[in-house]
Amino acid sequence: MPFANFKVPEKTLTPQQKEEIVTRTTELCVEIYGERARNNTMVLVEEVADGGWGIAGNVLTLAMLGEATPTNTSDA
């Protein structure tokens, strides 16, 4: 069973964007593995709390990166 896990900063994706990640990732797995993968592909989009992620040993926040928050962040 293909499994993809996306970890993203919380409140940076709209429900529609999360749906697109799930749909397009599933389609990619079908393209690679064939149609048999469609019903078995699991895609998990996890939102990580602001400040709960980093790179190169540095904790990052949305404010540090100047990221805008989508206007509609209710769960899909």
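Mentor: Start with the term: a salt bridge is a side-chain nitrogen of Lys or Arg within 4 Å of a carboxyl oxygen of Asp or Glu. Keep in mind that this is a predicted model.

Trainee: How far apart are the closest N and O atoms of arginine 38 and glutamate 27?

Mentor: Arginine 38 lies in the loop between helix 1 and strand 2 and glutamate 27 in helix 1, so the pair ties together parts that are 11 residues apart in sequence. Glu27 and Arg38 also belong to a network of salt bridges that includes Glu35. For arginine 38 and glutamate 27, the closest N and O atoms are separated by 2.5 Å.

Trainee: Which residue forms a salt bridge with glutamate 47?

Mentor: Glutamate 47 stands opposite valine 8, in a strand 2 that pairs with strand 1 in the parallel sense over 7 bridges. The chain crosses between these strands through helix 1. With closest N and O atoms 3.4 Å apart, the partner is lysine 18.

Trainee: Is lysine 18 buried or exposed?

Mentor: Buried means under 20% relative accessible area. Lysine 18 has a value of 11%, so lysine 18 is buried.

Trainee: How many residues apart are glutamate 20 and arginine 24?

Mentor: These two form a salt bridge, with 2.9 Å between the closest N and O atoms. Glutamate 20 and arginine 24 both lie in helix 1, about one turn of the helix apart, and the separation is 4 residues.

Definitions and conventions. Residues numbered from 1 in each chain as written. Predicted model: local features only at pLDDT ≥ 70, side-chain atom pairs only at ≥ 80, totals over all residues. Heavy atoms only, no water. Pairing = 2+ DSSP bridges. Helix = DSSP H or I, 4+ residues; strand = E, 2+ residues; numbered from the N terminus. Right-handed = clockwise from strand over helix to strand, strands pointing away. Buried < 20%, exposed > 50% of the residue type's maximum accessible area, 1.4 Å probe, protein only.
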